[in-house]
Structures are given as structure tokens and as C-alpha cells.
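Please walk through the chain shown below.

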Amino acid sequence: MSDIASKLARLTPAQRALLQKRRRSAAPARDPQAPAPLSFAQQRLWFVQQLEPENTAYNMAITLRLRGPLDASAMQRAFDGLVARHAALRSCYRLDADGTPQQMPGTPPRLALIDCADATAAMTRIIEPPFDLTQVPMRAALLREAPEDAILAIGLHHIMADRWSMGVMVRELAVLYDAACRDEVDPLPPPGLQMPDYAERQRSTQVTGLDTQIQWWQDTLRDAQALDLPRKRRGDTPLGATHEFTLPDDLSAALRQEARQRGVSLFTLLLAGFNLLMYRYCDSDDITVGSDISNRDSHEAQAMIGPLVNTLALRCDLSGNPDFDTILSRTRQVLRDAFAHQDVPLDQVVEALNPDRSGGEMIPLFRAKFDLQQAERLPDQIHGVRLERLARQDRTTKYELRMNLEDDGAALSGRMEYRADLYDPEIISRMSVHFINLLRAALDDPKCPASRLAMLDADEARKMVSLATGPALPQHAETLHQAFLDQAGRTPDAIAITDGQQEITYRDLDARSGAIAAALDQRDMPAQSRIGISMARRPDLVATILGVLRAGCAYVPLDPAYPAVRIAYMAQDAGVGLILTDGGVDTVGDTLAVNIHDLPPAPAPMPRGKGADLAVIIYTSGSTGQPKGVALEHRNILSRVAWAGTVFEPQDLTGVLFATSVSFDLSLFEIFATLANGGRMVMAQSLLDLPADAGVTLLNTVPSLLRELVKHNDLPASVRCINLAGEFFPPALLDRLLEFPQLRTINNLYGPTEDAIYDAGNPVQNEPERPMPIGRPFPGSRIYVLDRNGALMPTGLAGELCVAGAGLARGYLNRPELTAERFLPDPFQDGETARLYRSGDRGRWRVDGRIDILDRIDTQAKLRGQRIESARSRTGWRPTPMWPRPWF
């Protein structure tokens, strides 16, 4: 900053006003009838109105109920006097010969006298229609319902006034009415400054150091992150809505005392609280919000009518999980710096930065705005007429989200203004409660880290934990193979597997798997030994899996389609002592491979194993390192088998397509949910080889594969149910599936391998929302939405999905550090053994109690259900060994 600019920035308001007065003293008087340029603020408002002539977001209104012996003629004279005093109230806005918008005198508006039965409806017609700026954009009427009951309605466009101006208008109108009733002349001093003069001066006078100030704003706001606010799906029409709230009296008093003790303004303290709210709501350190300054430091501007207000984009760095003392200190410094550079109109800042704009954003530098305004006090009465301010519901809004607090000297009341197409009323209502909760917590413990200040009260925290908890888990067998054997005992002659060439009954599958178990038993394999299986997709593959489990061992799927080096790595990492094949391989690395057809016959042993025993190790894919093995127990998988038994009808399971690689966790559903519930598996090499005449009733796959299948092909008429998981479910795919009338159910399911196949889901064939939600937690499951510090996120707020419950895996095989990083103690459950898994998926609770999936907290992607890992997290999260206690 230059020396001159630095000196200007340090001027007091009085010194700045004196300098401006001296600058103007030599300026020639402007012809009041001549056109004048628009101020910077007016230019933006004019431009907005040209883009959307029917836009009413910048309509303003004064609505007062007048009770008592009203002199209508005196009120008309008072209104005429008000208009005569202020050029802004009689200006229109038209293009000159060069196509430049100018403000110029127009036909002065008059106060209409209207007798009506419904003054409220008539008032709406005065204040709500859009304005034509080529005419004076103001309408006014005195609406009389009874001799001593009327409504004064004045509607005008923001291009001619701001909120401060509205207060000037009401005060002066009261004085002028009183004088008119007494037949006295206008007692008010003439305005010291008119809006056209202000605009011309702003345009003609180059503020010293302005370029330096613009550069400061560019440096300050460059690469600022847009706040990730709790939006719902974008709507088509930016309708406005409001929510009123009041801060409790004791909190208001405490805030005033705290501000006095700290030597800061009440605005600074409350803005720090709003920054804290945005920090918690958006789970971000980079907080940019808008706020207005009146721009009325000079005495002559105090009584002027016109849009002098300027909006500042205030960017606050809240990195390092600061306490409230630090947040307040940083907020105060941000305000000091911004006020030192306030001469630059917002429009010039936007123009200099030229940020990307999304649809409907007229101010792209911020999404949230915070203002504190002094309440305008009405006179008790004017010449015997009592005045009451009429509350009204705004149907439009100038900002996406604005918290507007009003201070009447005793109470602090609030008004949330928001776009109704972007936000649910319930979310906005809770936001005001969370603001109050955080203010209380910050005052109670200003040294507490921001992440641990209580945003949710105890009742809401209990509600979120309850919402995260699925229904009770149904009874089920202790082991996977016992669930199969129980079903085989009930329906021994039913078909269990078909591959188009042979049909295998439950009795046959029992015998074949028993033979495998017997052979392993003769080798004296210790309990939970890891047995590799590398076999072609034929019925013997399923028999071998069941046989390994019946022998009390765990299987490690080694898909023969995988590269040899990957198979060798998984076999070595899993510590397999034996690999079962169907021929062609003698060893894998240093591990012996045995053909199942060479195993000696032996009577089937008694089934071995417990629910807590290891059942399978599934290796997830990775592009930035070696694949990692997820260790799943019998009881983990059985929790999903039990869910399937309560959800799917017997007809759904009479033809479950088994086309998923056994190295992928979706295969666990296709095998065990089918066989434990008396279904029939239809084997195919892949989904794209779907047999048309095999009676397939259920498809269980990832969206990308199904999209390829139905792009040019119809589904067999027998298919009645589809499960989709592992990837984002594109709405276009749902639209395509809805073309098949035979589909009874289309399930959108969710769950990482680390929590056994699925955690949540819901049918979406009748779902109006796009994209589709993933439903609620399944029986025995818990799904929390947590911020990066482990705090519960309330409904509507995005956070990381953390899963827990009966399906949770042991962890990652041979990766204790990674297991400790991703599998953490569950602070919301009693007992030392409760754990949860950080999925890395971002989601949120919807108002209807279901979950939306949004994206990843890192840059991991999925290709046909397989993970493609990324090495860096986008949130900069640092793992901690545990969360010591729940905080809300």
C-alpha cells in the first residue's frame, strides 16, 4: 500500500468526511434536472433488472398500519413533500444516446387513496409486482378499510434506496405529516446530498489508492472456496422464504457484556459466532461470508436517500481447529483489513476477480451473508394516529442464504432469508438453533477447540444416533455353512445351482461340499486356516467355498482371471497354506495348489466353526499401493443374509444370477443370501452373458455393467428384481430400467467391503428424487454422518459416512496401522469393543430420514465396482488413534 493510501486508511470517519467536504468545495453545482450517471451499486442493480425484468428480489417495501383519526389529505401532502425533498424518489433510469444507463428526473409518484374491504390483498398489488426502471420505480397507496383503520403501502426498487433510506423515509414522513396536520411548512432542513450528486461524484472522483485496494481484494479472495452449505437439489425457480427467531434474553445480555469486556463491537462478536457456525456446517477452514456496511460515515449522508450500502466479502482462515478466542481475534483482524479497503464497490471486486458463476448467482464471491442492523423504532403516534409495522413474507431473496440480526437495544431477534428451492425449512430452522447453541458454548468455554463446542443439544444428538441405528437384527444361524445345511435339510431336492449344462440340488451340493471338507479335515488344517481358491466359474466353485467353511477354515478367493503377480501377492499376503484349484496349476508362488478332483474321498465331518471365526478375505483394488485384504467373519456376512431373508420374496430368489467374481464382495450376497434362503443360483461368466431363458429373477451388480447390458438389449421377462451397489446410480439408468414393466423392485444399495456387502438401501422404482437416496441402515447396522473431527452432523449437513454394527470386518489383514487409522472406537456406543469404519464417502441425512451419497472426501473413484485409490485426501484430515468421547 502506498504512503498516501496507508494514511487514508487510518483516517477516522470525521477526518474522512472533512477531506471529502474540502474536495467538493471547489466542484461546480450540478444541474438537478440534468441526467446523472449511476453509482456503482445502481449499475449492478440496473444490470440485474435488465437480465430478468420480472425479477422482484430487489423490491423493497414500507408497510405500516395506521389506527386512529387519519387525515388522508395531510398524508398525501406529507408524501408529496417527502418526494420533493429527495431526488432519488423521483428518478427514473434510461439509456442515453450512447447506450449508457443514466438516472434522470421522472414523473413524481403520488400517494393513491383507496377504500377497500381487503387492504392486505391490495397491499400485495402495490409492493409485489416488478418495476419498470424507465419509469420512477415506486408505488404508494393509503388503503382504508375503515375510517380509523388504514394501511400505508410504499413499494420501491432497491436502485433508489437501501434499508437505511427506509428509516429516513419513515422518520421524515412522520414529521411532514405532523406538520401538514398543523398547516405548518416543512420543518426539516434540506438534504445535504442527493443521490445523483453522490453518483456523479463517485464516478468522477478517483479515490487515491483505489488500484491498490482492488489488488488487495484480489489477493485476499483469490481461490476462496465456496461454502458447502446444506443445499437440497437445485430447483428451477429462486423463490424466497424466511424464518424468524429470537436469541434468549440471557444470551443477548451475555453477548453484550462479553463484547464490552473484550472491547469489540457486538457485530464483531456475532460475526465470529457466524463464522464458527459456517466452520461447523461446512466442515471447512476457509470461510467467506458477505456483510453490508452502510457507507454513511459523513454527516450529509446520514439523511440521504439512495443505495449507498456496500457489501464486503469477508474471508476468514479458521485452520488449526482454533478456539473461540482465536476465531474472534481472526474475525476482528479480517474486519479491520476489509474496512481499510472498503472504498472498492463489490461490483468492482467481482469484476476484478471474474470468478466462475453458477446458475442464479449474481454475487458469486459468497453463498452466505451475515448482517446486524439497528432496529428502526416507530414513533408511538403521529398527531393521534398509532403506527404499527406490518410483518410480511418475502417471496424472493437477493441472497442464497442470509442471517439478518436486528438489535433493538435490549433484545436480539433474527431472520433467516433463504432460497426455498435450495434449502429445506427444517434445515434453516435448525441452523438458527445451532447458532444459538454454539454462541452459548463459546461463551461458556472460549478456550475449547471449535470442533468440540456443542452444536447439537442432547435431544438432537440422541435423535441422530437413533437415526443412525438400523432395526434389530433377525435371528440367524451361527455360521454360513450351517445356514446352508439348515436349508438343505428343509429342501434337499430343490435346485441350488444351474449353469446351463447341469442342475445341482441342495442334496448334491451338500455332498460335494462335505467331500471337500472331509479332505481338508484329513490334512488336520487348524481352525481358521486360510485356503486359497482359484477355480473356474462352475458349480464346483461354490461347493469348494462351502467345503472350506465346513472344515472350519476361511477362504481366500484368487480369481484365475487376475494377473499372476496379483494372485501370487494375495496368496503370500494372506498366508494361505493351500490353494484349491480345478486343474492346470501346481503351485502359486511357494504355495502348493491341489486339484479338488484329486482329493481322496472321505465321509463328511461334523461342521466346525463359530460366528466370530474368520470366513473370507476379500482384497480391494488399489492403484497407489498393494491391494489390502479385508477380513470378514461369518457373523458379518450372516447379518446381511438375515436381512435378505426378510426383504426378498421367495419368487425373487428362484433365479439369482451368479455372475460376480468371488473376489468381489457382491458375490457373498449371490452365494449365501441365495442358498441360506432356499433360492437358486444361475451361473454365468459375466452379466453381459446373461442367459435369456434360464429363469433369472434377480440381478445383483454395479450400475456401469448393467448400463452396458441394457444399452442395446432388453432384460429377460423373468427378471423381477435388481440390486445395484458399488457405484453411483445414474438417474438415466433408472429411467431406462423403468421401461421394463416386469421389474417389481429396483434397489439402490450402499456398503463398503469393510462392512460386509451392504449397510443401507431402499427401493427406488417409485422414487421422485434425482439422484436417488440410499435409504436407511439395515438391521444390525449403524451409519453415522460425522465431520472430520468425529462430531455428529445434523440432518442436511454433509460429512463422512462412518459405518458400524454387525457387519463390521475385523480390519485389514497384516495392516495394523491402516486398520487403526480406518477402524476406530465408536464413541456413541457403550462398551470398549464397539468400533466404526471411516468409509471415505461423503453423505448426509435427508429431512425424510434417508441418506444421500454426495462424493468422496478424497479423490478415490470406482471402475465397475472396483476401487481406484488416491493417495491424498482433499480435506487434509489427519488420523487420530481414537475419539475420546462423543461431542455434538
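Glu406 has Ser413, a residue of β15, as its bridge partner. The model is predicted, and in it the two strands concerned are β14, residues 401–407, and β15, residues 412–419. Strands β14 and β15 pair in the antiparallel sense, over 7 bridges.

This pair belongs to an open sheet of 6 strands, ordered β8-β15-β14-β11-β9-β10, in which the pairing is mixed. Which strands stand at the edges? They are β8 (240–246) and β10 (310–317); each has a single partner strand, so one side of each is left without a neighbour in the sheet. On average, neighbouring strands of this sheet are turned by 25° against each other, direction ignored.

The cysteines come next. A disulfide is a covalent bond between the sulfur atoms of two cysteines. With a cut-off of 2.5 Å between cysteine sulfur atoms, the count comes to 0 disulfides. For Cys316, the nearest cysteine sulfur is that of Cys282, 13 Å away, and Cys316 is in no disulfide. Is Cys316 buried or exposed? Its relative accessibility is 2%, and because buried means under 20%, Cys316 counts as buried. Cys92 is also buried, with a relative accessible area of 0%.

Where is Asp665 placed? Asp665 is in the loop between strand β25 (656–658) and helix α21 (666–675). Asp665 has a relative accessible area of 4%, and it is therefore buried. Leaving aside residues up to four places away in sequence, Asp665 touches Ile618, Pro752, Thr753 and Ile757.

Finally, confidence. The chain averages a pLDDT of 90, and 91% of the residues score at least 70. Over residues 21–27 the pLDDT is below 50, and this stretch has 6 contacts in the model beyond near neighbours in sequence. Residues 861–865 also have a pLDDT below 50; beyond near neighbours in sequence, that stretch has 17 contacts in the model. Where pLDDT is low, the predicted coordinates should not be read in detail.

Conventions:
Residues numbered from 1 in each chain as written. Predicted model: local features only at pLDDT ≥ 70, side-chain atom pairs only at ≥ 80, totals over all residues. Heavy atoms only, no water. Helix = DSSP H or I, 4+ residues; strand = E, 2+ residues; numbered from the N terminus. Buried < 20%, exposed > 50% of the residue type's maximum accessible area, 1.4 Å probe, protein only. Contact = heavy atoms within 4.5 Å. Pairing = 2+ DSSP bridges. Axes fitted to C-alpha atoms, helices over the stretch in contact; angles between N-to-C directions. pLDDT = per-residue confidence, 0-100.
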